[in-house]
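Let's walk through this model together, one question at a time. Have the sequence and the 3D view open as you read.

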Amino acid sequence: MIIGDKTHPEVIGITGWCNDEAIVVNRAEELDKIPSKICVVAQTTEKKKTWNSIMEKVVKNSKQIVAFNTICSATDIRQKSAFEISMNCDVVIVVGGKNSSNTTKLYEICKANCENSFHIENAQELTDNILKFKGKKIGITAGASTPQWILDEVIKKLKL
């Protein structure tokens with residue numbers, strides 16, 4: 001079983017190594033029948049919360065389990081930080097590619113805690129709808145592959 005997005009290149013690659021026979025899920029509700037003997041891995045950018053909820057169901061329904069939590073430690077740390085930021089800010093800006101699984105998950109975490117969360121790719125996407133929050137407590141986080149210079153431009157535009 002692979003916990004992740006079945007359309008993500010990483011998951012597609014892992015599935016290929018499993019002769020295209022792997023069960024791929026990203027929500028516990030998707031699990032109908034769980035084999036009694038199973039090996040579980042995760043997409044490296046998966047949310048820890050998703051891993052935990054699926055593993056809880058696997059543990060209840062399987063007799064033999066080999067599980068490798070393959071979520072990247074940097075991803076886990078970044079997600080925890082995004083959670084904390086989103087709990088303590090009026091606005092959160094998540095900077096990174098719209099097609100980035102890592103960045104999208106950060107945005108989902110932030111949006112769940114802070115209604116005023118925005119996912120942008122660069123400073124040009126700081127619209128009036130976002131800039132109206134200047135003077136409020138603004139948190140910024142970014143996907144792992146977001147270049148520092150893009151973050152710097154976003155911060156500069158927010159300070160003007």
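Q: Which residue forms a salt bridge with K48?
A: First, a word on the source: this is a predicted model, where local features need pLDDT of at least 70, side-chain atom pairs count only at pLDDT 80 or more, and totals for chains, interfaces and linings use all residues. Residues are numbered from 1 along each chain as its sequence is written, and side-chain values use heavy atoms, with hydrogens and water left out. A salt bridge here is a side-chain nitrogen of Lys or Arg within 4 Å of a carboxyl oxygen of Asp or Glu. With its closest N and O atoms 3.7 Å apart, the partner of K48 is D76.

Q: How many residues apart are K48 and D76, and which helices hold them?
A: Helices (H or I, at least four residues) and strands (E, at least two) are DSSP runs, numbered from the N terminus. The pair links distant parts of the chain, 28 residues apart. K48 sits in helix α2 and D76 in helix α3 (residues 73–88).

Q: Is D76 buried or exposed?
A: Buried means under 20% relative accessible area, exposed over 50%, and partly exposed in between (1.4 Å probe, protein chains only). K48 has 30% and so is partly exposed. D76 has a relative accessible area of 11%, so D76 is buried.

Q: Where in the chain is K47, the salt-bridge partner of E108?
A: The side chains of E108 and K47 meet at 2.8 Å, N to O. E108 belongs to helix α4, 61 residues away from its partner. K47 lies in the loop between β3 (37–42) and α2 (48–61).

Q: In which sense do β5 and β6 pair?
A: Two strands pair if DSSP finds at least two bridges between them. Strand β5 (residues 91–95) and β6 have 4 bridges, and V92 stands opposite S117 in β6. The sense of the pairing is parallel.

Q: Which residues of strand β6 point the other way from S117 and H119?
A: In a regular strand the side chains alternate between the two faces of the sheet. In β6 (residues 117–120), S117 and H119 point one way, and all four named side chains are buried. Those pointing the other way are F118 and I120.
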